[in-house]
Amino acid sequence: RVLFRSLRSVQDSAKEVGRRILKSTMYPNHPYAWTFEEAIKAAEQLTLADIQKLYAEYVCPANMVLSIVGDFDSATVQELLEKSSAGWHLGLRKKIQPAQATKQSAMHIDHTLMRDQVMLYLGKQSPVTVHSEDCVPLQLLSTICFGSLGSRIYKVREQTGLFYSAGGSFAANATREHGFDYMAMLV
């Protein structure tokens, strides 16, 4: 029930609807292109057996990476991990199909919501992947430009009063094959 309420509430969010349209437009032939209606329908059809199967396929040691950071004794932590994971079945490595961006020419998409506000999304596919040497600097630049109250875009908002909020990212969701750049403003 919580999932359905969450999906139905974001259907009414200009920010979430805009983000969904942007991703669906950039990756039309991939699971990234789902709509809220499709997500609700899929969730309604899920059974406990489906969830258990997905859990067994994806939530297993073969499909996870464990990262431990901090001030600790390596031998103690290794012993603790070995004891706590002793009964785990390794499972099969599940290959996830990466999204392939479809070349798009410039387009303008209007989606009407009954609101007293407008959400503008400007986006494009990015050639930057997690293996690109520019990935980390671009994500740092995203933080500087869009990421916090001290961001450059927030300062523009405060100085102009032209928009309510703004955000964005360079190389957002960068994977081995793709990423995208976007800027969003709530006017």
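This is a predicted model: local features need pLDDT of at least 70, side-chain atom pairs count only at pLDDT 80 or more; totals for chains, interfaces and linings use all residues.

**Overall architecture and two local details**

Reading from the N terminus, the elements of the protein chain follow the order α-α-α-α-α-β-α-α-β-β. In total, the chain has seven helices and three strands.

Some overall figures come next. The protein chain has 187 residues, and 26% of them count as buried. Its accessible surface amounts to about 13700 Å², with 58% of that belonging to carbon and sulfur atoms. Among contacts with a separation of 6 or more, 67% are between residues 24 or more positions apart.

Let me turn to a pair of helices. At what angle do H1 and H3 pack? Helix H1, residues 2-10, and helix H3, residues 36-45, pack at about 170 degrees, and their axes are 10 Å apart. Angles over 145 degrees count as roughly antiparallel, and H1 and H3 are therefore roughly antiparallel to each other. On the H1 side, the contact is made by Leu3, Phe4, Leu7, Arg8 and Val10; H3 contributes Phe36, Ala39, Ile40, Ala43 and Glu44. By class, the residues of this contact comprise eight nonpolar and two charged, with no polar ones.

My last point concerns a single residue. Serine 142 is located in helix H6, which covers residues 135-146. Is serine 142 buried or exposed? Serine 142 counts as buried, because its relative accessibility is 7% and the cut-off for buried is under 20%. Beyond its neighbours within four places in sequence, serine 142 is in contact with Gly147, Ser169 and Phe170.

Thank you for your attention.

Methods: Residues are numbered from 1 along each chain as its sequence is written. Side-chain values use heavy atoms; hydrogens and water are left out. Axes are lines fitted to C-alpha atoms, for helices over the stretch in contact, and angles run from 0 to 180 degrees between N-to-C directions. Helices (H or I, at least four residues) and strands (E, at least two) are DSSP runs, numbered from the N terminus. Angles under 35 degrees count as roughly parallel, over 145 as roughly antiparallel, 65 to 115 as roughly perpendicular and the rest as oblique. Contact means heavy atoms within 4.5 Å. Ala, Val, Leu, Ile, Met, Phe, Trp, Tyr, Cys and Pro count as nonpolar, Asp, Glu, Lys and Arg as charged, and the others, Gly among them, as polar. Buried means under 20% relative accessible area, exposed over 50%, partly exposed in between (1.4 Å probe, protein chains only). Accessible areas come from the Shrake-Rupley method with a 1.4 Å probe; for residues, only the protein chains shown count as cover.
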